[in-house]
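Visitor: I'd like a close look at one part of this model. Pick a spot inside and walk me through what surrounds it.

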Amino acid sequence: EDKIAYQWFNQKEEQNNISTANPDSTNFREILKTRMLDLTVDWQESDLITLLQKPNPVSKTGFYTLNPDGGGLKKLLEEYGITLNWQKEQGKFLYSFTEYNGKNLKLFLYDNLSQKKQDLNLATLAEKCVMDASQALIICAAPKNIDSVLILPDDWLKNKFESEDEIWQIDLNTSEKKLLLSPVQKFDVSEIILTSDNKNLF
């Protein structure tokens, strides 16, 4: 049966509550009380809820996993300016982060099973990338005008920065990067969809 995970703030206790329920609000269950606010809550897999704090360029924020049956909050990451792109059904996620004050953007791949990180050596945001079905390739849109950005990811999230993206392919086995497309027109890409035959991007 489908369920939803969500957060609600208890003003009396001054705590954020992470809870699960059926879509019609029956079978409500509170699984975590926390002081953390501004969370993005997602039910990624049947036994896995993720909590991502709002990115901050001057204070490190975290990414956590939570078991919907028994709680068990676990911190996976803590970085400046962290954003994340979970790859459904693959047990992996892409994440980007910066140094203090939103500088020096980096992109990594995290394997949730092995808990290993892989530096993808490309300056772009996780929201601009997708992994193919074979888990061998990653396609990313990367801004060629990234040096003009003052603070990441804030400027992009607040539409203060218009990215001029090129399309890159990363081979996860060899770490080879390949430029696929450098458009003449300006394109600011996010939420890429890749067809199963790797021939088309949307």
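**Around leucine 94**

Guide: Let's start at leucine 94, which, leaving out residues up to four places away in sequence, touches Thr83, Leu84, Asn85, Gln87, Leu107, Phe108, Leu109, Leu120, Ala126, Cys129, Val130 and Ile138 (contact means heavy atoms within 4.5 Å). Bear in mind that this is a predicted model, where local features need pLDDT of at least 70 and side-chain atom pairs pLDDT 80 or more, while totals for chains, interfaces and linings use all residues. Numbering runs from 1 along each chain as its sequence is written, and side-chain values use heavy atoms, without hydrogens or water.

Leu94 belongs to the largest nonpolar core, 14 residues, and with Leu107, Leu109, Leu120, Ile138 and Cys140 it touches the most other members. Such a core is a set of buried Ala, Val, Leu, Ile, Met, Phe, Trp, Tyr and Cys residues joined through side-chain atoms within 4.5 Å; buried means under 20% relative accessible area, with a 1.4 Å probe and protein chains only. Strands β9, β11, β12 and β13 each supply at least two of its residues (strands are DSSP E runs of at least two, numbered from the N terminus), and β12 gives the largest share, three. Apart from this core lies another, of 13 residues, including Phe63, Leu84, Trp86 and Tyr110.

Now the rings: Phe63, Trp86, Phe93, Tyr95, Phe97, Phe108 and Tyr110 are linked into a cluster by ring pairs (Phe, Tyr or Trp six-membered ring centres within 6.5 Å). Phe93 is buried, at 0% relative accessibility, and so is Tyr110, at 4%.

Terms used: Buried means under 20% relative accessible area, exposed over 50%, partly exposed in between (1.4 Å probe, protein chains only). Helices (H or I, at least four residues) and strands (E, at least two) are DSSP runs, numbered from the N terminus. Rings of Phe, Tyr and Trp (its six-membered ring) pair if their centres lie within 6.5 Å; planes under 30 degrees apart count as stacked, over 60 as edge-to-face and the rest as tilted.
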